[in-house]
Amino acid sequence: MIDLHSHILPGIDDGAPDLGVALEMARIAVANGVAVQACTPHIFPGLFDNSGPRIRRATQELQRHLDEEGVPLRLVTGADVHIVPNMVNGLRAGEILSLADTRYVLVEPPHHVAPPRLEHVFFELLAAGYVPILTHPERLTWIETRYDALVQLFRAGVWMQVTAGALTGAFGRRPQYWAERMLSEALVHILATDAHGARRRPPDLAAGRAAAAKWLGEEEAEQLVSLRPRAILENAAPSAVRPPAGASFKSPLIGKPGLEKETPSIDPRSHWLGARLGARLGARLGARLGARVGGKPSARAGRKKEPGLTAWFGRFF
Ligand SMILES: [Fe+2]
């Protein structure tokens, strides 16, 4: 697998505080099955004043330590770029780094406030020949009110990166709901860890991949963590890359025609809870039914009944 978002470089932002933690993170990544790790520290003027040359030096240094320690992880450069003025100039000048010096660049919108000219920033990058990858849309606190804007950006050619931990519930129910929903609606290009440490927010790509596979199947899960990330590192044209595929099973809410227009008036948590509760009740009822029919409670019977019953129960929450 290839993880294209991490704060593994030591002492450069709010990620790994020192070399020891960075090496521990690298070992966890390798144990997860990651072969290539992008080092993408924040570039956030005034808070994390990182520059292209500094990130390159720190990446080379960490690679040297990994090689000495025999950790089989290949590092590539990048940055988690907060929206700043003149991004295109910064990229051209080498002060801002794209992923492995390709056309693909991680762009982090403000977490709590949707910037008024959000679309403009992304269109400028697209017009200059870059492919912006919007990081962790599922964790933005304003996603409910501006989901339509995110969908528009996707349609305009912006790529979306969902956090592996969001899919496993590590960030709570709300980001999990949005991560699942965006995956189901075929709006997600890649999964990445955005790892910040070895214990708090560790590199957990394998668990994220497994969660995605549950929703989308093995083929699309592989696209999310291996094939599309590899295409990015090869600087492939977006038109040459397979677009995201949605889920075959959809909850009563997800995938409803015109849903994105209704989003602001929907409290996603209630629907998320409905779907979860429905799944639990469905699984339990399914197991009971299995017990009646087959004589013995079986988890398999529960799983088999789950999707239909989930849909049925989901209508009432
Ligand atoms: Fe990040």
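In which sense, left-handed or right-handed, does H8 pass H9? Some notes on that and a few other spots follow.

1. Ground rules. This is a predicted model, where local features need pLDDT of at least 70, side-chain atom pairs count only at pLDDT 80 or more, and totals for chains, interfaces and linings use all residues. Residues are numbered from 1 along each chain as its sequence is written.

2. The helix pair. The crossing of H8 with H9 is right-handed (the near helix is turned clockwise from the far one by less than a right angle). Helix H8 covers residues 205-216 and helix H9 residues 218-233; their axes come within 7 Å and cross at roughly 145 degrees. Axes here are lines fitted to C-alpha atoms over the stretch in contact, with angles from 0 to 180 degrees between N-to-C directions. On the H8 side you'll find Leu205, Arg209, Ala212, Ala213 and Leu216, facing Glu218, Glu220, Ala221, Leu224 and Val225 of H9 (contact: C-beta atoms, placed from the backbone, within 7 Å).

3. Overall make-up. The protein has 12 helices and 9 strands (DSSP runs, H or I of at least four residues for helices and E of at least two for strands, numbered from the N terminus). Of its 317 residues, 43% are buried (20 or more other C-beta atoms within 10 Å of the residue's own, again placed from the backbone). Among contacts with a separation of 6 or more, 72% join residues 24 or more positions apart.

4. The core. The largest nonpolar core has 75 residues, and Val105, Val162 and Leu191 touch the most other members. Such a core is a set of buried Ala, Val, Leu, Ile, Met, Phe, Trp, Tyr and Cys residues joined through C-beta atoms within 7 Å. Helix H1 (residues 19-32) gives the most to this core, namely 6 residues.

5. Ala29. This residue sits in helix H1 and counts as buried because it has 26 C-beta neighbours inside 10 Å. Beyond four places in sequence, Ala29 touches Asp3, Val34, Gln37, Leu73 and Pro203. Ala198 is 169 residues away along the chain, yet its C-alpha atom is 9.6 Å from that of Ala29.

6. The sheet. An open sheet of 3 strands runs E1-E2-E4 with parallel pairing (strands pair if DSSP finds at least two bridges between them). Strand E2 (residues 36-39) pairs with E4 over 4 bridges, and Gln37 has Leu75 of E4 as its bridge partner.

Key
Contact = placed C-beta atoms within 7 Å. Buried ≥ 20, exposed ≤ 12 C-beta atoms within 10 Å, placed from the backbone.
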